[in-house]
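Please read the points below with the model open beside them.

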Amino acid sequence: NFEIAATLTYYGFLSLMPFILMVFFLLGLFLRSSDAILGAVGGMLNAFFPAFTGGILDELIGLSRQKTWGLIGIILLLWSIVPFAGTIRFAMARIFRTERKFNFMVSKLFDMAAVVALLSLFIILVTGKIFYALKADTVSARMGAAFPIFNFIVVPLLVVAGLAFFYLVFCPVRPRFWEIISGALTAAILLAIVRPLFGLFLQFNPGFGYAFGSLKTIFLILIWIYYTFVIILLGAVVIGVIRRREALLLKGLFHGAHSGRNIISRVLLGKLIREYDPGENVFVEKEPGDEMFFVFEGQVDLLKSGRLLKRAGAGEYFGEMSMLINTPRTATATVVGDGAKLIGVKASNFEAIMRENPDIVLSLLKEMAARLKTTNLALTSSAAPAGWKKDS
């Protein structure tokens, strides 16, 4: 996702100044102390952007104090940030492999809501920093020696919470809580590592960006924004991989079935494997079915009205028809031999596999066509075709 990070860097930099102006303007409506606002915003920006300078902040707060801000000006500021939100949504949709599409107006409303959410988060953080600065001495006196430990714990937790909120706003799906926390924690740890490394790099390379002259600060901000988005997107990838871990493993099963070899170990599949005893029914004809089954070990007979249609062996799958078209089972699946180890494939995982792997789709269509042909022959002929009951 390096190319997406570069695109986000461009849009993010263009949106940064309008974003900060909106923060100054909105905080100025509720807080009277401009110095407190400036100090808190400056502290937040220095935490996010190591190369950010006070001169840029002075220019921005000067603009925010002008009495020319009306409703149209506010709307234009918000609208100038919308492309940034739209690019983030596009990046997340690509990472999470989603295909949800909205018309232009609905899409822009989503982007505008995301901008408002980001503004709200930043304003909450800045406001908290202001009140924390006012109460820091009191809290420090009451906590004593525990105050540094409190700071050491709370600040990273706030970073993780902020990143989790960011992912929650922009994720096109709704991940579980621990999935979001995993991605946010990954990004927070990497940011905590990269930021001091970036500072050390600038310390030992003071001439870095010298070729840009007076634009050196802007160049350094762009570089840092790029690194930040690379890490944030990596955190989103972690969420996506954890969310799709079953689909990724199952994809390997289907690829293995297509190539004729098992490329996924039992250790990786873990709890996905279900064990069935000899003679046990996996499902029964005419009962509802919402998943298909992959044979990891053993054999399963597919019977219709007591008549053998197919014997599925290791590397084969069955039950996909009922799952795909949401109809009752057309046959009974019974384990034979010494038992079987099967893997259930839910419709959601199967759709993810199909969406990302057209070769598996083609293989599945060929398999289903062959099975329909065999079933049709079995039901219309009194004699089974040659090799019909042969083990797969």
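1. Glu179 sits in helix α7, residues 177–204; helices are DSSP runs of H or I with at least four residues, strands runs of E with at least two, numbered from the N terminus. This is a predicted model, in which local features need pLDDT of at least 70 and side-chain atom pairs count only at pLDDT 80 or more, while totals for chains, interfaces and linings use all residues. Residues are numbered from 1 along each chain as its sequence is written, and side-chain values use heavy atoms, leaving out hydrogens and water.

2. Is Glu179 buried or exposed? Glu179 has a relative accessible area of 0% and is therefore buried (under 20%; exposed is over 50% and partly exposed in between, with a 1.4 Å probe and protein chains only). Other buried residues of α7 include Ile180, Gly183, Leu191 and Leu202.

3. Beyond four places in sequence, Glu179 is in contact (heavy atoms within 4.5 Å) with Ile239, Ile242, Arg243 and Arg245.

4. Helix α8 covers residues 216–243, and α7 packs against α8 at an angle of about 155°, the axes being 8 Å apart. The two helices therefore count as roughly antiparallel, a term for angles over 145 degrees. Axes here are lines fitted to C-alpha atoms over the stretch in contact, with angles from 0 to 180 degrees between N-to-C directions.

5. On confidence, the protein averages a pLDDT (the predictor's confidence in each residue, from 0 to 100) of 78, and 79% of the residues score at least 70. The mean is lowest in helix α3 (residues 54–64), at 61, and highest in strand β2 (residues 281–283), at 92. Over residues 382–392, pLDDT stays under 50.

Note on methods
Parallel < 35°, antiparallel > 145°, perpendicular 65-115°, else oblique.
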